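Reader: Could we go through this model together, one feature at a time? Please keep the answers plain.

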Amino acid sequence: MLTPEEFYDALADQYDGMTQFSARLQRQQEILASLLESLPAKTAVDMGCGTGVHAIALARLGLDVTGVDLSEGMLSRARAHAEETDSAVRFIAGDFLAPVPSTPAELLLCLGNSLPHLESREALTAVLKHWRKLTAPGGHVLIQLLNYRRVLAKRERIVNIRRSGSDTIIRFYDFLDDTLQFNILTIREAGGAMTHSIQSTRLLPFRDSDFLSAAPAAGFSTVRTHGSLALDPFTDDSTDLVVVL
């Protein structure tokens, strides 16, 4: 299996097609605009920013934004998107424990199932403790990941299947003892022939109970769990787990 940095460097060129960047940017900007009514902020840090969709959406909403990612391949695409959309975003290379010169921020967010790349529950507490230091008094940390309580209970192997041009992209899990192997299988049709490639990395399936114990240990006074970025109630059947600290 690849490290997270190797995994996303290998995917950087196809990631925007796989996630439908242009259409997703508009949807995420609308979602974040609604969120800011509940979590008002003028400054933000996007941890695990990928190719920049959330950082750019926040910048277009008028926030001062810094995006952080460990993959130089993804950051290269993020910088190109920011230039194409005339969005003023600072992008810096680093992991979840990276220092961020622009902080403290009123909103620190980590969206799109990035946090499960951590290696342990102890690492989760350490990261949340660092993020608390990066967050301004009265500010919020916003985390989004899949609802792994549901994934594990139902043994849901397929994350999604998408077409991108001539490619079919299948994202799926292998269930290991305490972790998941996350796989991205790309099936390519060209010249009447079909080829495939696969990249795999390890995920730690954090559940709501992990945040309910790690967040107070990291110094957060309140922990709220929701089922989506619309901040609706979290249930066993929610697709997502959204945590507000």
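Reader: In what sense do E5 and E11 pair, and over how many bridges?

Author: In this predicted model, E5 and E11 pair in the antiparallel sense, with five bridges between them. Within that pairing, Ile143 stands opposite Val243 in E11.

Reader: And how many bridges join E10 to E11?

Author: There are three bridges between E10 and E11, and these two strands run antiparallel. Here Arg224 stands opposite Val244 in E11.

Reader: Are the residues of E11 buried or exposed?

Author: Five of the five residues of E11 are buried, so the strand is largely enclosed by the rest of the structure.

Reader: Which residues lie on one side of E11, and which on the other?

Author: Asp240, Val242 and Val244 are on one side, while Leu241 and Val243 are on the other. Both faces of E11 are covered, and all of these residues are buried.

Reader: Let us turn to H7. Which of its residues are buried?

Author: Helix H7 spans residues 208-217, and its buried residues are Asp208, Asp210, Phe211, Ala214 and Ala215. They cover an arc of only 140 degrees around the axis, which puts them on the same side of H7.

Reader: What covers those buried residues of H7?

Author: The cover includes helix H5 (121-134), helix H6 (148-154) and strand E5 (135-146), together with strand E10 (224-226) and strand E11 (240-244).

Reader: Phe211 was in your list. Which residue forms an aromatic pair with Phe211?

Author: Phe211 pairs with Phe206. The arrangement is edge-to-face, with 6.2 Å centre to centre and 65 degrees between the planes. Phe206 and Phe211 are both buried.

Reader: How many aromatic pairs does the structure hold?

Author: The structure holds seven aromatic pairs. One of the pairs is that of Phe7 and Phe182: their ring centres are 5.8 Å apart and their planes are at 50 degrees, so the pair is tilted.

Reader: Where in the chain do Phe7 and Phe182 lie?

Author: Phe7 lies in helix H1 (residues 4-19) and Phe182 in strand E8 (residues 180-190), so the pair ties together parts that are 175 residues apart in sequence. Both Phe7 and Phe182 are buried.

Reader: Which residues do ring pairs link into a cluster?

Author: The cluster consists of Phe7, Tyr8, Tyr15, Tyr148, Tyr173 and Phe182, linked by ring pairs.

Reader: Another ring, then. What sits over the ring of Phe175?

Author: The charged end of Arg155 sits over that ring, 4.2 Å from its centre.

Reader: Are Cys49 and Cys110 buried or exposed?

Author: Cys49 counts as buried at 5% relative accessibility. Cys110 is buried as well, with a relative accessible area of 0%.

Reader: Finally, which residues does a cis peptide bond join?

Author: A cis peptide bond joins Thr103 and Pro104, with omega about 10 degrees. Pro104 is in the loop between strand E3 (89-93) and strand E4 (105-110).

Reader: And what is the phi of Asn113?

Author: The phi of Asn113 is near 65 degrees, a positive value in a residue other than glycine. Asn113 is found in the loop between E4 and H5, and it is buried, with a relative accessible area of 14%.

Conventions
Residues numbered from 1 in each chain as written. Predicted model: local features only at pLDDT ≥ 70, side-chain atom pairs only at ≥ 80, totals over all residues. Heavy atoms only, no water. Buried < 20%, exposed > 50% of the residue type's maximum accessible area, 1.4 Å probe, protein only. Helix = DSSP H or I, 4+ residues; strand = E, 2+ residues; numbered from the N terminus. Arc of directions from axis to C-beta. Contact = heavy atoms within 4.5 Å. Pairing = 2+ DSSP bridges. Phe/Tyr/Trp six-rings, centres within 6.5 Å; stacked < 30°, edge-to-face > 60°. Lys NZ or Arg CZ within 6 Å of the ring centre and 35° of its normal.
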